[in-house]
Amino acid sequence: MKAAGTTKITVKQGGVSKSVTLSASYGYYLQYAKQVNGVIYIPVKDVFETMGAKVSYNSGTKTFTAKLGNTVVELKQGSANAKVDGKAVRMKGTVRQENGMTVFPASLLADQFGAKLKWDAKRQVLTVSFGQGHIWIESVDTQAIDKRTALGGLNAYIGKTYYVNHYQGWKRFMKVKLVDIEVEDRMYKPVFQTDGGKQYAGYSTTADRLKELLADDYTFLNYDPYKKYKWPSSVWKLIEAEKIAIGMTKQQVLLSWGEPTSTSTVSGSGITVETWGYGYYTFVTFTNGKVSSIVR
């Protein structure tokens, strides 16, 4: 049951009575508040029902009727005149349609019900207060604004294109665009999309670690490797499968296996022999820049 506002109750016991003021807030955000030409509009039905009113609608007269205790409020679509207990009240704007909902000027609640209104321009949220009881009404943009704030510097990465290198077993060198970053409990999950519209969700991690992943070419490349390196398809098939073969260049081995854990170089008589170690037992030897032996 929705209920927000302030009320007084009197408790009597043993000939002693005491009045107590009770305040209640609605713990969820309503939608959709909107500021137009300095006037803040809020939804008729949701707001009055949250205040505890019974709301009905007459489609013939296009009029909403809200019964709140002994008070009756009538609001007609397209009109700046409301009725409160039968008395005409001029509002600061007309009852209108926004986002498929009928909205009215929030100032009516201040003028007729003593509510205090506070508009958070940064988050685009209206707080309606009745004493210690509150109703919060967000705009259509509030959640996006809150998310941008939560993402902070990560916003700059959204919309960028990457080519998968080594990440979660995804197809190597697949072109993806970072289209979203989901936020939950200070953890950040990247969401990528291919040109064909298929989406891939990464794993949740910290903001700093996500920045590192996006900047690490072992994980993601920021260039199209097929355009940068005009190698034969036979070479690309080996690299995509993370394999190497005799005759491959150092750049091809780097793209296939990544950086070595150790290196050594010997030169003489116009010949340069370089050995790369991968772990303790795998070694790749290059003679004048090309793979001449692979030892495992």
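Arginine 209 pairs with glutamate 212 in a salt bridge, with 3.2 Å between the closest N and O atoms; the term here means a side-chain nitrogen of Lys or Arg within 4 Å of a carboxyl oxygen of Asp or Glu. Keep in mind that this is a predicted model, where local features need pLDDT of at least 70, side-chain atom pairs count only at pLDDT 80 or more, and totals for chains, interfaces and linings use all residues. Residues are numbered from 1 along each chain as its sequence is written, and side-chain values use heavy atoms, with hydrogens and water left out.

Both partners sit in helix 4 (residues 207-215), three residues apart, or about one turn of the helix. Helices (H or I, at least four residues) and strands (E, at least two) are DSSP runs, numbered from the N terminus. Arginine 209 counts as partly exposed because its relative accessibility is 36%, and glutamate 212 lands in that class because its relative accessible area is 46%. The cut-offs are under 20% relative accessible area for buried, over 50% for exposed, and partly exposed in between (1.4 Å probe, protein chains only).

How many salt bridges does a search of the whole structure find? It turns up eight. Another of them joins the side chains of glutamate 49 and lysine 45, at 2.9 Å from N to O. These two both belong to helix 1 (residues 44-50) and are four residues apart, about one turn of the helix. Glutamate 49 is partly exposed because its relative accessibility is 23%, and lysine 45 is partly exposed because its relative accessible area is 41%.

Then there's aspartate 195, which forms a salt bridge with lysine 175, their closest N and O atoms being 3.4 Å apart. This pair links distant parts of the chain, 20 residues apart: aspartate 195 is in the loop between strand 18 (187-193) and strand 19 (199-201), while lysine 175 is in strand 17 (residues 175-184). Aspartate 195 counts as exposed because it reaches 65% relative accessibility, whereas lysine 175, at 36%, counts as partly exposed. As a general point, side chains of opposite charge can pair when their charged atoms come close.

Now for a pocket. On a 1 Å grid over the protein atoms alone, that's an open set of points where a 1.4 Å probe fits, with protein on both sides within 12 Å along at least five of seven lines; lining residues have an atom within 4 Å of a point. The second largest pocket holds about 210 Å³ of space, a volume being the space filled by probe spheres set on the grid points, which are joined across faces, edges and corners. Its lining includes Asn165, His166, Asp217, Tyr218 and Glu259. Helix 7 (residues 250-257) gives the largest share of that lining, three residues. By class, the lining has five nonpolar, four polar and two charged residues.

Isoleucine 271 lies in strand 22 (residues 271-278) and is partly exposed because its relative accessibility is 40%.

Buried or exposed: which is alanine 80? Alanine 80 is buried, because its relative accessible area is 10%. It's found in the loop between strand 8 (71-76) and strand 9 (81-84). The C-alpha atoms of alanine 80 and glycine 114 are separated by 19 Å, with the two residues 34 apart along the chain.

Conventions:
Ala, Val, Leu, Ile, Met, Phe, Trp, Tyr, Cys and Pro count as nonpolar, Asp, Glu, Lys and Arg as charged, and the others, Gly among them, as polar.
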